[in-house]
Amino acid sequence: MTEGAPDEVLDVILENALMIPERTFEAWREPQTFAGTPRSTVANLLLVCKRWHDIGEPWLYESAIIRTREQMSALAIAVTREYKNGRKLGWYMRRLRIDSGYADTASLFLRHTPKIVSLFLGFDISIDDQTKRLMRALRTINPRRLYMDSMRGLSTDIGYRSSAGLLANAVAGALPCWTRLARIDTSPEFIWLVALIPPLRELKSLSIVSMSNHSAMHPMAYDVIETLIANPSVKTIQIRDGVHWLAWRGPRSDYDKEKIYLGEGNDMVSWADFPHTVLLPPSHRLPEFPDKLWRRIFKHATARPRDVIHEHVNATRRGIVLINRRFYDLGIEFLYTRPLLVSERAVDGFLQRVSASFRLAALVQDLDVSVDGPLSEQRYLRTPLVGLRRATRAIKVFPTQLDHVAGREVLRLLLTFLEQTLSRKDSLTQSTFRPFVHLRRLALYGGSGINADDSRLEILTNLESLALYDSEPGVVAVFSSLQLSSLQDFEFEMSSATLMVVFLMRHGHKLDKLVIDLGTGTHDDDVPVFDLCPSVTTIHLITPTPPSAVPFMNRSKPHLCLRHMVFPAVAVE
């Protein structure tokens, strides 16, 4: 019947028969999606004859919907096969939808489909799905539109090592390479993962982002909207059922109303033009306490426990502030002021959130890690921490925090307690510590120093306790040249006593307490440590077993001021 039809007519017929309809490709998944969608047999049209096959094959491979790993593997084999006529099936692919079925072959498939325009990614993936090398493969394509779908919703507690977290990391790593990406759509139940937020600020082609009321009402979405508003290329932030968003106290006064649109289709209207309405508060059975009383409740409910700390305690603290938006606004301060970091997963999740939001970073005051034993690798935090008052060794914030106060004479860091591990590339001078006007305890492990002999300003005038470990002579020289008028305690390794003589000659007469780590190294017992510290009343000796003699004491003069000898690391049975 079609033997006499021109190729152009047959091409149109097969296009309409073989292409996946736009409505089907863009439909968000529902619980009955897999059970209610029968397997398509439309590909059998290509078996009619060779003419039909040659004309229709490009339309068959124009789009694909993948739901199993077997489908992904089969499609990867098809697009990588070499044909005698030089035809490359992967070059026909314009729309790709992966509901699930992420396999190792996904990276192979994506490398052979460079002309994809629309990419649909499902985040409800199983632990059997594989996302290895996916970031590198995603960077080889350059889509114009991205769909992100979650049927049952995601949790912001998801770890970056989980399946969905790894997929989010892969997408986040590829986003800066998608220079043509103009639009992002998210499903009704989708919740933004932390890793996806920072790249949104730098997407120069991104113009439209569409999300549901559910996505926009989640506390994490506030960081998303804030980031999108900061991107000058973004013109439209669509909240599809935005009336409920307004009623839920979703908007903030500093939001750009010109960018936010509410509704869909012909009913979509700019927030700036939205008519004034009476917003009804959400219904709930919680008591109507004033904000001042709720804040006191949250302060006690989210306080760090003094006893044994478990991961479920952290989940409870987060759950309290995620009950509703009002609780989030009132309680998030207490959650981030002293974060409870009891596992490496908790540390990594915290760093992702704080790095993605300057608002959360400004809340952090006490940066401590309660993980048993050292972390598997050094963690870094370079985001400005304007409210930080205490930081320990587990997370490195120094000297990178100085980059945020360089050249700003008025701004001073609020740190009062700082313990950090430095590399030999971290070079210190007297001026390095100029912003630390409130610092009382400083412990440095490693680092290098340059004695610039800068005595123009009073530096570290409030410092009461100093510890130097694994120090180079330059570091000792830097602190030896400072006045340190409030110094009372000094801590060092016994093996570095000779190196510390220069420091003790300058500051030893001020010291009230000496802390000596006996360690395993050798030392020169002739070093006049106690003669240089005539006012010391307390000696702490860090050693697992009581020493047979107090080091440096045999050759010293009588020390009549000494009152206390402490062995903090000795176990008493």
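This is a predicted model: local features need pLDDT of at least 70, side-chain atom pairs count only at pLDDT 80 or more; totals for chains, interfaces and linings use all residues.
User: What makes E4 and E5 a pair?

Analyst: Happy to set the value against the cut-off. Two strands pair if at least two bridges are found between them. E4 and E5 have four, in the parallel sense, so they count as paired. E5 and E6 also pass, with three parallel bridges, and there Ile 184 stands opposite Val 209 of E6. Strand E2 (residues 95-98) joins E3 through four bridges, again parallel, with Ile 98 facing Leu 121 of E3.

User: In what order do the strands of that open sheet run, and what is the pairing?

Analyst: Nine strands make up this open sheet, in the order E1-E2-E3-E4-E5-E6-E7-E8-E9, and the pairing is mixed. Strand E1 (63-66) and strand E9 (269-270) are at its edges; each has a single partner strand, so one side of each is without a neighbour in the sheet. Helix H5 (residues 69-80) lies across E1 and E2 and runs at about 150° to E1.

User: Which residues is Leu 146 in contact with, leaving aside its neighbours within four places in sequence?

Analyst: Its contacts include Leu 119, Leu 121, Val 171, Leu 175 and Trp 178. Leu 181, Arg 183, Ile 184 and Asp 185 are also in contact with Leu 146. As for Val 209, its C-alpha is 9.6 Å from that of Leu 146, though the two are 63 residues apart in sequence.

User: What makes Phe 123 and Phe 190 an aromatic pair, and of which kind?

Analyst: Two values decide this. Rings pair if their centres lie within 6.5 Å, and planes over 60 degrees apart count as edge-to-face. For Phe 123 and Phe 190 the centres are 5.3 Å apart and the planes make 70°, so the pair is edge-to-face. Phe 123 is in the loop between strand E3 (118-122) and helix H7 (134-138), while Phe 190 is in the loop between strand E5 (183-186) and strand E6 (208-211), so the pair ties together parts that are 67 residues apart in sequence. Both residues are buried.

User: How do you know which kind of aromatic pair Phe 298 and Phe 327 form?

Analyst: The centres of Phe 298 and Phe 327 are 4.9 Å apart, with 70° between the planes. Given limits of within 6.5 Å for pairing and over 60 degrees for edge-to-face, this pair is edge-to-face. Phe 298 belongs to helix H12 (residues 291-301) and Phe 327 to helix H14, so the pair ties together parts that are 29 residues apart in sequence. Phe 298 and Phe 327 are buried.

User: How many aromatic pairs does the structure hold?

Analyst: There are 19 aromatic pairs. Ring pairs also link Phe 25, Trp 28, Phe 120 and Tyr 147 into a cluster.

User: How is the span of H14 judged against what is expected?

Analyst: Helix H14 (residues 325-337) has 13 residues and spans 19 Å from first C-alpha to last, close to the expected 18 Å at 1.5 Å a residue. H14 does have a kink of about 45°, centred on Gly 331.

User: How many of the 13 residues of H14 are buried?

Analyst: Eleven of the 13 are buried, and H14 is described as mostly covered.

User: Which strands form the open sheet whose pairing is parallel?

Analyst: Nine strands form it, in the order E10-E12-E14-E15-E16-E17-E18-E19-E20. Strand E10 (366-367) and strand E20 (564-566) sit at its edges with a single partner strand each, so one side of each lacks a neighbour in the sheet. Strand E19 (residues 538-542) pairs with E20 over three parallel bridges, and Thr 538 stands opposite His 564 in E20. Helix H18 (residues 497-507) lies across strand E16 (465-469) and strand E17 (489-493), at about 155° to E17.

Key:
Residues are numbered from 1 along each chain as its sequence is written. Side-chain values use heavy atoms; hydrogens and water are left out. Helices (H or I, at least four residues) and strands (E, at least two) are DSSP runs, numbered from the N terminus. Contact means heavy atoms within 4.5 Å. Axes are lines fitted to C-alpha atoms, for helices over the stretch in contact, and angles run from 0 to 180 degrees between N-to-C directions. The expected span of a helix is 1.5 Å times one less than its number of residues. The bend at a residue is the angle between axes fitted to the seven residues ending there and the seven starting there. Buried means under 20% relative accessible area, exposed over 50%, partly exposed in between (1.4 Å probe, protein chains only). Rings of Phe, Tyr and Trp (its six-membered ring) pair if their centres lie within 6.5 Å; planes under 30 degrees apart count as stacked, over 60 as edge-to-face and the rest as tilted.
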